[in-house]
Amino acid sequence: MEEAGSGVSAAHVSRGCAFGDFDNDGDMDILVMNMNEPPSLLRNDVSGGGHWLKVLLIGVQSNRSAIGSRVVARYGTRRQAQEVLAQSSFYSANDRRLHFGLGAETSADLTIRWTNGATETIANVAANQLVVIREGKGIIRKGSATALLVCDAQ
């Protein structure tokens with residue numbers, strides 16, 4: 001456990017944890033909620049060289065947060081499916097952006113099944129970016145996760 005660093009080896013009384021790309025560098029990090037002290041952020045700073053794609057859905061006919069919608073990413077000979085969920089664990093909630101690890105592939109085809117049953121397909125989405133998809137409109141924004149967060153804050 002010592003090799004993992006102080007974030008794992010230090011004693012804490014913790015009650016929840018959330019997963020997401022907190023530093024927007026393309027890999028998943030972990031935030032652990034500690035009782036009566038600040039949370040512990042376990043940053044994943046290992047550079048594996050694999051490609052990734054983040055997807056943020058915005059519902060229109062379905063609920064705005066797109067909770068319950070399902071995205072299937074097809075890349076090379078592989079396929080991954082993820083659903084937008086609202087829960088996580090006690091005192092915490094995961095990042096709502098879906099994160100797909102693509103390995104050596106540089107693009108993916110996305111199929112979205114919205115909660116109202118409608119299906120949308122978007123072909124050849126480039127890797128290593130965040131895409132924002134609005135129900136019925138396709139990709140409305142794309143770029144680095146950090147740039148989109150700054151843009152949304154203004």
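Two strands count as paired where DSSP finds at least two bridges between them, and the legends below use pairing in that sense. The model shown is predicted.

**View 1. The chain as a whole, with 2 helices and 11 strands.** Read from the N terminus, the order of elements is α-β-β-β-β-β-β-β-β-β-β-β-α. The chain has 154 residues, of which 32% count as buried.

**View 2. The open sheet of 3 strands, in the order E1-E2-E3.** The pairing in this sheet is antiparallel. Strand E1 (14-20) and strand E3 (40-42) stand at the edges with a single partner strand each, so that one side of each is left without a neighbour in the sheet. From one strand to the next the twist averages 20°. Strand E2, residues 29-34, pairs with E3 over 3 bridges in the antiparallel sense, and within this part of the sheet Val32 stands opposite Ser40 of E3.

**View 3. The open sheet of 4 strands, in the order E7-E4-E10-E11.** Here the pairing is mixed. The edges are taken by E7 and by strand E11 (138-143), each of which has a single partner strand, so one side of each lacks a neighbour in the sheet. Neighbouring strands of this sheet are turned against each other by 25° on average, direction ignored. E10 and E11 are joined in the antiparallel sense by 5 bridges, and Leu130 has Gly143 of E11 as its bridge partner.

**View 4. The hairpin of E5 and E6, with 2 residues between the strands.** Strand E6, residues 78-83, runs antiparallel to E5, and 6 bridges join the two. Tyr75 stands opposite Arg78 of E6. Which residue of this hairpin takes a positive phi? That residue is Gly76, whose phi is near 55°.

**View 5. Strand E8 with its antiparallel partners E5 and E9.** E5 and E8 are joined by 5 bridges, with Ala73 bridged to Leu110 and Val71 bridged to Ile112. E8 and E9 are joined by 6 bridges, and on this side Leu110 stands opposite Ile122 of E9. In the hairpin of E8 and E9, where 5 residues lie between the strands, Gly117 takes a positive phi near 100°.

**View 6. The covered and uncovered faces of E8.** Ala108, Leu110 and Ile112 make up the covered face of this strand, whereas Ser107, Asp109, Thr111 and Arg113 make up the uncovered one.

**View 7. The largest nonpolar core, with 20 residues.** The members that touch the most other members are Leu53, Val55, Leu57, Val71, Leu110 and Ile133. Two or more residues of the core come from each of strand E4 (51-58), strand E5 (70-75), strand E7 (98-103), strand E8 (107-113), strand E9 (119-126) and strand E10 (129-134). In soluble globular proteins, nonpolar side chains tend to be buried together. Leu110, leaving aside residues up to four places away in sequence, touches Leu53, Val55, Val71, Val72, Ala73, Glu120, Thr121, Ile122, Val125, Val131 and Ile133.

**View 8. Asn124, a residue of strand E9.** Is Asn124 buried or exposed? Its relative accessible area is 57%, and because the cut-off for exposed is over 50%, Asn124 counts as exposed. When residues up to four places away in sequence are not counted, Asn124 touches Ser107, Ala108 and Asp109. Asn124 and Leu110 stand 14 residues apart in sequence, while their C-alpha atoms are 8.0 Å apart in space.

**View 9. Lys54 over the face of Trp52.** Lys54 lies at 4.7 Å from the centre of the Trp52 ring. How many aromatic pairs are counted? Under the rule applied here, the count is 0 aromatic pairs.

Terms used. Residues are numbered from 1 along each chain as its sequence is written. This is a predicted model: local features need pLDDT of at least 70, side-chain atom pairs count only at pLDDT 80 or more; totals for chains, interfaces and linings use all residues. Side-chain values use heavy atoms; hydrogens and water are left out. A nonpolar core is a set of buried Ala, Val, Leu, Ile, Met, Phe, Trp, Tyr and Cys residues joined through side-chain atoms within 4.5 Å. Buried means under 20% relative accessible area, exposed over 50%, partly exposed in between (1.4 Å probe, protein chains only). Contact means heavy atoms within 4.5 Å. Axes are lines fitted to C-alpha atoms, for helices over the stretch in contact, and angles run from 0 to 180 degrees between N-to-C directions. Rings of Phe, Tyr and Trp (its six-membered ring) pair if their centres lie within 6.5 Å; planes under 30 degrees apart count as stacked, over 60 as edge-to-face and the rest as tilted. A charge sits over a ring if NZ of Lys or CZ of Arg is within 6 Å of the ring centre and within 35 degrees of the ring normal.
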